[in-house]
Amino acid sequence: MPETDWNSLNTRVDFLDWTSPAPLFISCMTGGAIGALSFNRELALAAAQLGLAIGTGSIRVLLHHPEYLDDFRLKQWAPAVPLLANIGAVVIRDEDSTRIIELVKQIGADALVIHLNPGQELFQADGDRDFRGVRTALAAFINTAPFPVIVKETGFGIAPDEVDFLLSAGAAYVDIAGSGGANWIRVEAYRSGNSAIAPEFDHWGYRSSELLEQLSDYPGKILASGGLRNGTDCAKALALGATLCGMATPLARAVSLGGHEAVVEHLGNTIQSLKSIMLLTGSATIQDLRRPGVLVKKNRC
Ligand SMILES: Cc1cc2nc3c(=O)[nH]c(=O)nc-3n(C[C@H](O)[C@H](O)[C@H](O)COP(=O)(O)O)c2cc1C
């Protein structure tokens, strides 16, 4: 007896200084690569159509190739949604922060997402190997940045004590980007042709669901991503306390199969499925999904 009306379901959530019509965002993907402009345009057109926040790929390339600036100016297609710039934590440690702040402003972003990706770097032929000093540099940058800073992983999750550190340092949100989806150790090992030990890391990292369960003390501060594929996955993440749910791989696939229309279709189905779960659990709002009894854990055999 859901006692809920489909037409009254409220999927809106607050994010940054803005209200998102649905608890979803397009995760950071692909910057400065060949074809990135058209890829990003398709994602941005979908973001604009659905009114969802969108992340750019890493803007690191702009430090040496300002000619790629237009690839990242996604507001040209999605002027009314939050734009999240993206850069690696090691770049924050190694580069002049005023230069990075200037780039974020130049692309018109509303916030900067800093990614942690030691697993990916380690398996990249020319990737970073030295991660000392990143914590201190991140805390200092967050403290001086004139815009909100979000910290994410890229598919292996962030340890709960490190989430605590980042939020205490002033991060606006932490996007856990846990395991269960894209595995960048596998991707980089494949790219470098050196994949002998990569399969040992197939289950590396924190699964998104286990992290969310451990992060219930940070309401309104946790974004969920990593392996979320549909509305059911998102409903579970929201029930576990996430503010917004992000997807990368399914949307990259959608762009290549059918451009922005396929992205809109995938995200539209996700919203349809999320609303179905809201109705079936008698949850009129996203907050209602978090009440006891909605998510029931079953013992796996
Ligand atoms: C094609 C592609 C490009 C990506 N590029 C970036 C990037 O530039 N910066 C970043 O922080 N994460 C990047 N990611 C990682 C995603 O943002 C996400 O954290 C990760 O893929 C896990 O989510 P998923 O399982 O939905 O793919 C990329 C992912 C994909 C699929």
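This report describes the strand barrel, the helices packed around it and the ligand surroundings in a predicted model.

## The barrel

Eight strands form a closed barrel in this predicted model, running in the order E3-E4-E5-E6-E7-E8-E9-E10 with parallel pairing. Within this sheet, neighbouring strands are turned by 30 degrees against each other on average, when direction is ignored.

One of the pairings joins strand E8 (residues 173-175) to strand E9 (residues 222-224), in the parallel sense and over 2 bridges. Asp-175 has Leu-223 of E9 as its bridge partner. H1 packs on the sheet, where it touches E3 and E4, and the direction of H1 makes about 165 degrees with that of E4. Helix H11, for its part, lies across E3 and strand E10 (244-247), and runs at about 160 degrees to E3.

## Helix H1 against helix H11

The axes of helix H1 (residues 36-50) and H11 come within 9 Å and cross at roughly 10 degrees. An angle under 35 degrees counts as roughly parallel, and H1 is therefore roughly parallel to H11. On the H1 side the contact is made by Phe-39, Glu-42, Leu-43, Leu-45, Ala-46, Gln-49 and Leu-50, while H11 contributes Leu-251, Val-255, Gly-259, His-260, Val-263, Val-264 and Leu-267. Sorted by class, the residues of this contact comprise 10 nonpolar, 3 polar and 1 charged.

## Helix H10 against helix H11

Helix H10 (residues 231-239) also packs with H11, at an angle of about 55 degrees and with the two axes 7 Å apart. H10 and H11 are therefore oblique to each other, and H10 passes H11 in a right-handed crossing. The contact draws on Gly-231, Thr-232, Cys-234 and Ala-235 of H10, together with Thr-270, Ile-271, Gln-272, Ser-273, Leu-274 and Ile-277 of H11. In the contact of H10 with H11, 5 residues are nonpolar, 5 are polar and none is charged.

## Surroundings of the ligand

A shell of 23 residues surrounds the ligand, and the closest of them are Gly-57, His-115, Gly-181, Ala-248 and Thr-249. The elements that give two or more residues to this shell are strand E3 (24-29), strand E4 (53-58) and helix H11 (249-280). E3 gives the most, with 3 residues.

By class, the shell around the ligand holds 8 nonpolar, 14 polar and 1 charged residues.

Key:
Residues numbered from 1 in each chain as written. Predicted model: local features only at pLDDT ≥ 70, side-chain atom pairs only at ≥ 80, totals over all residues. Near = placed C-beta within 6 Å. Helix = DSSP H or I, 4+ residues; strand = E, 2+ residues; numbered from the N terminus. Nonpolar A, V, L, I, M, F, W, Y, C, P; charged D, E, K, R; others polar. Axes fitted to C-alpha atoms, helices over the stretch in contact; angles between N-to-C directions. Parallel < 35°, antiparallel > 145°, perpendicular 65-115°, else oblique. Left-handed = near helix turned anticlockwise from the far one by under 90°. Contact = placed C-beta atoms within 7 Å. Pairing = 2+ DSSP bridges.
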